[in-house]
Amino acid sequence: MQLPAGAPSLEEILVQTNDMPWREKSLKGVHEKMLWRDEATGASVALIRFEKGAGIPKPHSHASNQMMFCLSGHFEYTATGITLKPGSFYCNPKGNVHGPSLAIEETVVVEIYDGPHYPQTPSWYTDERDAH
């Protein structure tokens, strides 16, 4: 199949996620396995693991659309009561303020961004890699 003119080219990839170590983020209790990233656009796909009691401490927005699919656990956006449990799909549109959030139990989600994650690095991250 030929891609339309101007479309980004993708290569077929296979990632064995069970063989990858979790990278601990600078926010305590949050870990990631980066599966794919487009450095040109900031788009990415990652596994994110929240330890029980971990979460994002403040309301915030994203610079692109954020999508999450819950694989395991129980994760809640505490201000709105939006709850992710296994099989839940959540889409947060670009610029929409959401959060804070809390893992009621250890939770693993697939997190997808169609562009850069944040307009600027949030105060809760001390490592710039955590906001990309």
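Reader: Which residues touch the most other members of the largest nonpolar core?

Author: A nonpolar core is a set of buried Ala, Val, Leu, Ile, Met, Phe, Trp, Tyr and Cys residues joined through side-chain atoms within 4.5 Å. Buried means under 20% relative accessible area, exposed over 50%, and partly exposed in between (1.4 Å probe, protein chains only). The largest core here has 19 residues, and F50, M68, F75, L84, V109 and Y125 touch the most other members. In soluble globular proteins, nonpolar side chains tend to be buried together.

Reader: What kind of model is this, and how are its residues numbered?

Author: This is a predicted model in which local features need pLDDT of at least 70 and side-chain atom pairs count only at pLDDT 80 or more, while totals for chains, interfaces and linings use all residues. Residues are numbered from 1 along each chain as its sequence is written, and side-chain values use heavy atoms, with hydrogens and water left out.

Reader: How many helices and strands are in the chain?

Author: Helices (H or I, at least four residues) and strands (E, at least two) are DSSP runs, numbered from the N terminus. The chain has 0 helices and 7 strands.

Reader: What is V109 in contact with, leaving aside its neighbours within four places in sequence?

Author: Contact means heavy atoms within 4.5 Å. By that rule V109 is in contact with A46, L47, I48, F50, M68, F69, C70, L71 and L84.

Reader: How much of the chain is buried?

Author: Buried residues make up 40% of the 132 residues.

Reader: Where is W22, and is W22 buried or partly exposed?

Author: W22 sits in the segment before β1 (23–24). Its relative accessible area is 29%, so W22 is partly exposed. Beyond its neighbours within four places in sequence, W22 is in contact with H31, E32, K33, L47, I48, R49 and V108.

Reader: What share of the contacts joins residues 24 or more positions apart?

Author: Such pairs account for 63% of the contacts in the chain with a separation of 6 or more.
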